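Visitor: Please give me a close look at one contact region, not a tour of the whole. Which parts come together there, and through which residues?

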Amino acid sequence: MSEPRWLTETAFANMRLSFEVTRVLREDQTPQQRIDLIENPLFGKVLMLDGATQVTSADEFIYHEMMAHVPILAHGAARDVLIIGGGDGGLAEEVLKHPAITRVVQVEIDAQVVEFAREHFAEFNASAFTDPRLHIEIADGAEFAATTDQRFDVILIDSTDPIGPGAVLFTKAFYTSLRRCLRPGGIVVTQNGIPFVQRDEFMDAMRNLAQVFQITECYVLAMPSYAGGHMALGWGSVDRDPREPDVDVLTQRSSALATRYYTPEVHRAAFALPRYILDARIAAIAIDR
Ligand code: SAM
């Protein structure tokens, strides 16, 4: 019997996570990035970009639910949502579960990610890609944010890690553009990596966020396919405190929402940070640059 083949994530310096490969669906180098799409018995389809796991069909709901529902339910009256990145469509699917959302603009740099996500991740993105409320633009998210005159209630940065085309999406200049695109009461949520293995990147992003937004926080979730402990999502707002509203209000707002990870209690609890993450966040904000 032949040895199983493994696809190894190479994103982190001192740790490697490998996925058993039962089928290769795509191995490609686009002008923007290296794409690997494989099948694994536990995670289903696994997408890596430049050696970093982006999404798996089995656990995508965790990250996407927490990125979409926490700010939308906290806001309570969001209509217009901007997604930057998120080419696999899983985040748009969660956002569009909210009937009050009337328009979702998604700015993704790589048309090929969208194209094959349509083909290979239809089980979770088909409803989004056929929803007339979704408007996809193929462009650099940083350029879009710097130049658009559109305004949004919630902005979600579903980016790759801060290397390659994604690096610009963690900068102070980018967050400044996002603040300009927010309506009063608006919220920005950012993908902030795994603080245990990406401490410096996490601290840089938290510091940049704090230099732009009056209210910055971060909240956590646990993704089985992202090894290294909790994943952090950043929160930036001029005027909206993530400690509000309370569980009763969130319960009322989410009563018709079908979820598998999100609950109002998980929403609240996600802002209670483990000490090592809290310390890194506090230290990041304390550094004056
Ligand atoms: N859930 C994933 C994670 O946690 O790493 C992120 C997934 S999503 C597939 C990331 C997307 O960001 C990719 O499709 C990539 O092409 C896109 N992206 C990277 N840099 C970008 C930029 N500057 N503007 C817009 N999209 C970008």
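Guide: Domain bounds here come from an automatic or database domain assignment. This is a predicted model, in which local features need pLDDT of at least 70 and side-chain atom pairs pLDDT 80 or more, while totals for chains, interfaces and linings use all residues. Residues are numbered from 1 along each chain as its sequence is written, and side-chain values use heavy atoms, without hydrogens and water.

The assignment gives domain 1 as 5-56 and domain 2 as 60-286. Their centres, taken over C-alpha atoms, are 22 Å apart. Domain 1 brings 22 residues to the contact (heavy atoms within 4.5 Å) and domain 2 brings 26. About 2100 Å² is buried between domain 1 and domain 2, with 64% from carbon and sulfur atoms; buried area is the accessible area (1.4 Å probe) that two parts lose on being put together, summed over both. One salt bridge is found across this interface (a side-chain nitrogen of Lys or Arg within 4 Å of a carboxyl oxygen of Asp or Glu).

The side chains of Glu-123 and Lys-45 form a salt bridge, at 3.8 Å from N to O. Glu-123 is also one of the H4 residues that meet H3, together with Ala-122, Asn-125 and Phe-129. From H3 come Val-114, Ala-117, Arg-118 and His-120. By class, four residues of this helix contact are nonpolar, two polar and two charged.

H3 covers residues 111-120 and H4 residues 122-129; they pack at about 115 degrees, with axes 7 Å apart. H3 is therefore roughly perpendicular to H4 (65 to 115 degrees; under 35 is roughly parallel, over 145 roughly antiparallel, the rest oblique).

Methods
Axes are lines fitted to C-alpha atoms, for helices over the stretch in contact, and angles run from 0 to 180 degrees between N-to-C directions. Helices (H or I, at least four residues) and strands (E, at least two) are DSSP runs, numbered from the N terminus. Ala, Val, Leu, Ile, Met, Phe, Trp, Tyr, Cys and Pro count as nonpolar, Asp, Glu, Lys and Arg as charged, and the others, Gly among them, as polar.
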